[in-house]
Amino acid sequence: MKIAKADVIVTCPGRNFVTLKLTTDDGLTGLGDATLNGRELAVASYLGDHVVPCLIGRDAHRIDDTWHTLYRGAYWRRGPVTMTAIAAVDTALWDLKAKAAGLPLYQLLGGRSRDGVTVYGHANGADMAETLDEVQRFRDMGYKAIRVQSGIPGLASTYGVSKDKLFYEPADAAVPTENLWSTEAYLDFMPKLLDAVRVRFGYDGHILHDVHHRLTPIEAARLGKSLEPYRLFWLEDPVPAENQEAFRILRQHTVTPIAIGEVFNTIWDAKTLIGEHLIDYIRATVVHAGGISHLRRILDFAALHHVRSGCHGATDLSPVCLGASLHLNLAIPNFGVHEYMRHTAETDAVFPHAYSFRDGMLHPGEAPGHGVTLDETAAARFPYKPASLPINRLTDGTLWHW
Ligand code: GCO
Ligand code: MG
């Protein structure tokens with residue numbers, strides 16, 4: 001089974017996606033997601049200009065050797081662009097291997113370890129009342145875990161509050177738009193919001209919240225402590241994770257569980273946090289953390305330290321990534337929860353898939369491979385559109401973390 005052809009397909013059915021399609025000499029095709037939000041064309045070029053020429057003629061069964069050839073062989077290790085490109089190749093090779101075996105991918109990863117992959121959805125509203133109604137709506141849809149985000153009194157807009165309630169697309173303009181942020185207003189509002197959630201809905205059902213990297217360690221410690229009575233499933237990205245020792249401060253002050261890692265691209269980004277038991281859930285993904293092979297290494301390392309999976313699953317991770325991730329999360333021993341932000345109808349039409357939502361869980365389906373395909377005719381109807389993530393300023397104009 002040799003790689004005969006490799007195509008990089010860019011399409012924008014509601015948002016931009018980059019997909020790698022590998023075709024073997026015996027006619028099988030495998031797909032890998034290569035989407036890096038706001039930087040899509042950088043990965044498309046990395047693949048098309050530097051990776052594809054090295055793939056042609058290679059034995060498609062040699063997944064790990066190909067991974068290391070691309071990782072060590074580049075000399076310039078790590079980084080989101082490189083690792084997203086490697087992830088696309090790795091995912092497409094796993095898809096091919098499983099299709100060659102005639103098995104759904106999870107069977108090659110050790111088989112099913114649970115009934116399905118429990119997912120959390122995003123309840124969000126412009127204010128507390130609207131957010132509570134959204135929580136109700138997600139409960140009615142069968143979600144057992146719900147992320148709660150809300151507009152903050154006094155701020156015109158904030159992270160996580162979407163116009164369309166099922167799909168959240170922050171990359172909204174070619175040149176970044178600006179948001180305003182006030183830590184003081186946020187820290188005052190959050191305990192009130194979560195208190196209102198527990199008063200209305202009680203304690204059955206998991207509640208999650210994403211800080212989106214906006215606090216300092218001691219502010220995050222204060223938030224974690226103030227939210228303890230509401231028993232969050234996790235508090236996500238409380239501080240930016242470049243300075244990992246900072247997480248020791250959080251741990252000294254709060255027992256609120258911490259999730260981090262959606263921007264991580266290798267095991268090295270998570271080594272201190274996991275190795276020192278500074279986090280509880282790791283959010284690294286198939287697409288941005290080197291594919292199924294490398295994410296599995298991260299998750300195995302995490303398992304040694306009681307850290308469980310909480311894979312990122314926003315709309316900018318394509319159905320190909322989601323499908324592959326569901327197979328991996330069905331098989332691993334240390335599954336926690338999986339994010340599920342739904343894709344638009346256009347995206348679903350471009351990427352027909354075997355996975356489905358039932359009773360608060362996603363099920364990867366039994367199709368050979370990862371079960372996600374690409375309708376190239378439909379994809380061609382949606383040409384690339386430049387789109388960037390927003391930036392964020394404090395009320396005095398200082399550029400802050402978005
Ligand atoms: C999440 C994330 C996303 C990211 C987005 C960036 O928890 O789902 O924080 O909303 O901001 O995926 O590309
Ligand atoms: Mg997040």
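Me: What distance separates a polar side-chain atom of Y159 from an oxygen atom of ligand 1?

Reply: The model is predicted, and each distance here is computed from its atoms. A pair of N or O atoms is read as a polar contact within 3.5 Å. For Y159, a polar side-chain atom lies 2.7 Å from an oxygen atom of ligand 1. D316 also has a polar side-chain atom 2.7 Å from an oxygen atom of the ligand. In the case of D210, an N or O atom of the side chain is 3.0 Å from an oxygen atom of ligand 1.

Me: Of the area that ligand 1 exposes when taken alone, what percentage does the protein bury?

Reply: Ligand 1 taken alone exposes 340 Å², and 95% of that is buried by the protein.

Me: Where does ligand 1 sit, and which residues around it come nearest?

Reply: Its place is in the largest pocket. There are 14 residues around ligand 1, and those that come nearest are Y159, H212, E262, D316 and E339.

Me: Now the metal. Which residues are the protein donors of the magnesium ion (ligand 2)?

Reply: For this ion, an N, O or S atom is read as a donor within 2.8 Å. The protein donors are D210 through OD, and E236 and E262 through OE, at 2.0 to 2.2 Å from the magnesium ion. Two of these residues also figure at ligand 1: D210 has a side-chain N or O atom 3.0 Å from one of its oxygen atoms, and E262 is among the residues that come nearest to it.

Me: What spacing do the donors follow along the chain?

Reply: The spacing is D-x25-E-x25-E. D210 belongs to strand β7 (residues 206-210) and E236 to strand β8 (residues 234-236), so this pair ties together parts 26 residues apart in sequence.

Me: Are D210 and E236 buried or exposed?

Reply: The cut-off for buried is under 20% relative accessible area. D210 has 2%, so it is buried. E236 has 0% and therefore counts as buried.

Me: Next, the backbone. How do I read a phi value, and which residue in the loop between β7 and α7 (217-226) is a case?

Reply: Most residues other than glycine have a negative phi. H213 is found in that loop, and its phi is positive, about 65°, although it is not a glycine. With 13% relative accessibility, H213 counts as buried.

Me: Where is R78 found, and what is its phi?

Reply: R78 is found in the loop between α2 (63-73) and α3 (80-101). Its phi is also positive, about 65°, and it is not a glycine. Partly exposed lies between the buried cut-off of under 20% and the exposed one of over 50%. R78 has a relative accessible area of 35%, so it is partly exposed.

Me: What can sequence separation and C-alpha distance tell me, for instance about G371 and P104?

Reply: The two values are read side by side. G371 and P104 are 267 residues apart along the chain, while their C-alpha atoms are separated by 7.4 Å. G371 has its place in the loop between β14 (361-363) and α13 (376-380), and at 12% relative accessibility it counts as buried. For E276 and H305, 29 residues apart along the chain, the C-alpha separation is 8.2 Å. E276 is in the loop between α9 (267-275) and β10 (281-282) and counts as partly exposed at 36%.

Me: How many residues apart in sequence are H122 and W94, and what is their C-alpha distance?

Reply: H122 and W94 are 28 residues apart in sequence and 30 Å apart in space, C-alpha to C-alpha. H122 lies in strand β4 (residues 117-125) and is buried, with 6% relative accessible area.

Me: A last item: which polar atom lies 3.1 Å from the backbone nitrogen of G38?

Reply: A polar atom of the E40 side chain lies 3.1 Å from that nitrogen. E40 has its place in helix α1 (residues 40-55), and at 1% relative accessibility it counts as buried.

Definitions and conventions:
Residues are numbered from 1 along each chain as its sequence is written. Chains are lettered from A and ligands numbered from 1 in the order in which they are written. This is a predicted model: local features need pLDDT of at least 70, side-chain atom pairs count only at pLDDT 80 or more; totals for chains, interfaces and linings use all residues. Side-chain values use heavy atoms; hydrogens and water are left out. Donors are N, O and S atoms within 2.8 Å of the metal (3.2 Å for Na, K and Ca); water is not among the atoms, so sites may look incomplete. Helices (H or I, at least four residues) and strands (E, at least two) are DSSP runs, numbered from the N terminus. Buried means under 20% relative accessible area, exposed over 50%, partly exposed in between (1.4 Å probe, protein chains only). A residue is near a molecule or strand if one of its heavy atoms lies within 4 Å of it. A polar contact is a pair of N or O atoms within 3.5 Å; within protein, one must be able to donate a hydrogen and the other to accept it, and residues adjacent in sequence count only if both atoms are side-chain atoms. Accessible areas come from the Shrake-Rupley method with a 1.4 Å probe; for residues, only the protein chains shown count as cover. On a 1 Å grid over the protein atoms alone, a cavity is a set of points where a 1.4 Å probe fits but cannot get out, and a pocket is an open set with protein on both sides within 12 Å along at least five of seven lines; lining residues have an atom within 4 Å of a point. A molecule sits in a cavity or pocket if more than half of its atoms lie within 2 Å of its grid points.
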